[in-house]
Amino acid sequence: MSADHPDCMFCKIARGDIPAHKVYEDEEILAFHDIHPWAPVHFLMVPKAHVDSLAQVDASHAPLLGKMLALAPQLALQEGCRPYPEGGHRVVINTGREGGQEVHHLHIHVMGGPRPWLKG
Ligand code: 5GP
Ligand code: ZN
């Protein structure tokens, strides 16, 4: 799998063309700090292979998305979120313009830490 959309911001990050503060990386997934955090902990998880949004996902993506979702709580703890149930975290996937999506490369927001937060 490759991050092969030349003008896509998150493909550029996945390729290493743009620097990011990495939280996790394997062959198919990259997680990195959001550049404008809404919460004390705020990172994004992206598949390295470009997918525009959750709206383009089909059954072939299910194992990858399942892996990402299962990884989110582990990374949240690693990044400083307190454990469930007192702590926890929020998982958000903005999809499409009305869904609040600004970067059109599928990404999972993971946010947590003490409130209040800027957003979310
Ligand atoms: P969306 O609104 O598409 O769900 O969220 C896009 C997120 O990507 C925003 O929270 C924004 O701060 C973050 N973002 C946009 N460009 C960059 C970038 O170049 N680097 C990093 N680390 N985050 C970015
Ligand atoms: Zn992309």
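Are F10 and F32 buried or exposed? F10 is buried, and F32 is buried too. Buried means under 20% relative accessible area, exposed over 50%, and partly exposed in between, with a 1.4 Å probe and protein chains only.

This is a predicted model, in which local features need pLDDT of at least 70, side-chain atom pairs count only at pLDDT 80 or more, and totals for chains, interfaces and linings use all residues. Residues are numbered from 1 along each chain as its sequence is written, chains are lettered from A and ligands numbered from 1 in the order in which they are written, and side-chain values use heavy atoms, with hydrogens and water left out.

1. C11 sits in helix α1 (residues 9-15) and H105 in the loop between β4 (89-92) and β5 (108-112), 94 residues apart. Both C11 and H105 are buried.

2. **H107.** This residue is in the loop between β4 and β5. H107 is buried, at 5% relative accessible area. Its side chain reaches the backbone oxygen of H105 at 2.7 Å. Beyond its neighbours within four places in sequence, H107 is in contact (heavy atoms within 4.5 Å) with residues including F10, L44 and V92.

3. **Aromatic pair.** The structure holds one aromatic pair. F10 and F32 form it edge-to-face, 5.4 Å centre to centre with 75 degrees between the planes. Rings of Phe, Tyr and Trp (its six-membered ring) pair if their centres lie within 6.5 Å; planes under 30 degrees apart count as stacked, over 60 as edge-to-face and the rest as tilted. F10 is in helix α1 and F32 in strand β2 (residues 29-33), 22 residues apart.

4. **D26.** D26 lies in the loop between β1 (22-25) and β2. D26 counts as buried because its relative accessibility is 17%. A polar contact of 3.1 Å joins the side chains of D26 and K67. A polar contact is a pair of N or O atoms within 3.5 Å; within protein, one must be able to donate a hydrogen and the other to accept it, and residues adjacent in sequence count only if both atoms are side-chain atoms.

Note on methods: Helix = DSSP H or I, 4+ residues; strand = E, 2+ residues; numbered from the N terminus.
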